[in-house]
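Have the sequence and the 3D view open as you go through the points.

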Amino acid sequence: MGRLIKPRTKQSRLILGVTLMGFLLGLVLMNAGKKVLLENTGLLSENMLYIVKYAPMDSNAFFLYVLQKRLGYALILAVLSTTWLGLAAVWTCAAWLGISFGMLVMASLLRYGLKGILLIAVGIFPQIFVYFPAAILLLLWSYEFCITIYFPDKIQTSALLHGEMGGKYALLRNQAVKFVLLLGVVIIGCILESYVNPKLVLNLLKVF
């Protein structure tokens, strides 16, 4: 069992490492290009927060919007993992997750100082505890799915060493089941983002 877990642990660490490097790069990029990326875009501006604070919100419509976006990203990643671009998509997506979040954090810091950290913390709570592990697991799933399709000997050798018979198609079936379960986790994150988080953000903006 240890031999089978070790490669997955290694890939998980690599994905986390790429995401962290992307986060640091995002901080640097936003700080270096703040005139273009911040001042000219209105990102997290006071006007933007004012709109969020006072605009009427339909939670059900917001849920459908968030659901479409989040599941759409997951499905795109799944489709890409069936192509030769699968591995490149995994590393690109991991880096982009880090870069985009790093830029968002730096933007909030530049605009509001230490209060910006509070704004980001509330803005991603509590769905971050669902989305972050789900994102890492989806990236790991995509990596393994692509490997299963294009480099099956690598996967099957590990499986056979541990008595896991069934071949490539059994492995693909198992990956399909994992993907459906992961989509279920993403949906839970969408519920938290749509029905719980907006109330927390609005309460913060009242005293921000």
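Proline 126 sits in the loop that links helix 6 to helix 7. This is a predicted model, and in it the peptide bond running from phenylalanine 125 to proline 126 is cis, with omega near 0°.

**Backbone at leucine 44**

- Leucine 44 is found in the loop between helix 2 (34–39) and helix 3.
- Although leucine 44 is not a glycine, its phi is positive, at about 60°.
- Is leucine 44 buried or exposed? Leucine 44 has a relative accessible area of 10%, under the 20% cut-off, so it counts as buried.

**Helix 4 and helix 7**

- Helix 4 covers residues 59–80 and helix 7 covers residues 128–150; their axes come within 9 Å and cross at roughly 25°.
- Angles under 35 degrees count as roughly parallel, and therefore helix 4 and helix 7 are roughly parallel to each other.
- On the helix 4 side, the residues that meet helix 7 are Val66, Arg70, Ala74, Leu77 and Ala78.
- Their partners in helix 7 are Tyr131, Leu138, Leu139, Trp141 and Ser142.
- Sorted by class, this contact of helix 4 with helix 7 has eight nonpolar residues, one polar and one charged.

**A buried glutamate**

- Helix 7 also holds glutamate 144.
- Glutamate 144 has a relative accessible area of 12%, so it is buried.
- Which residues does glutamate 144 contact, leaving aside its neighbours within four places in sequence? They are Arg8, Gln175 and Lys178.

**The largest pocket**

- The volume of the largest pocket is about 2,100 Å³.
- Its lining is made up of 49 residues, and those nearest the centre of the pocket are Arg70, Leu104, Ile124, Tyr131 and Glu193.
- Arg70 and Tyr131 also take part in the contact of helix 4 with helix 7 described above.
- Seen by class, the lining of the largest pocket divides into 39 nonpolar, six polar and four charged residues.
- At least two lining residues come from each of helix 1 (2–32), helix 3 (46–54), helix 4, helix 5 (86–112), helix 6 (114–123), helix 7 and helix 9 (167–207).
- Which helix gives the most to the lining of the largest pocket? Helix 4 does, with ten residues.

How values were computed:
Residues numbered from 1 in each chain as written. Predicted model: local features only at pLDDT ≥ 70, side-chain atom pairs only at ≥ 80, totals over all residues. Heavy atoms only, no water. Axes fitted to C-alpha atoms, helices over the stretch in contact; angles between N-to-C directions. Helix = DSSP H or I, 4+ residues; strand = E, 2+ residues; numbered from the N terminus. Parallel < 35°, antiparallel > 145°, perpendicular 65-115°, else oblique. Contact = heavy atoms within 4.5 Å. Nonpolar A, V, L, I, M, F, W, Y, C, P; charged D, E, K, R; others polar. Buried < 20%, exposed > 50% of the residue type's maximum accessible area, 1.4 Å probe, protein only. 1 Å grid on protein atoms, 1.4 Å probe; cavity = no way out; pocket = protein on both sides within 12 Å on 5 of 7 lines; lining within 4 Å. Points joined across faces, edges and corners; volume = space filled by probe spheres on them.
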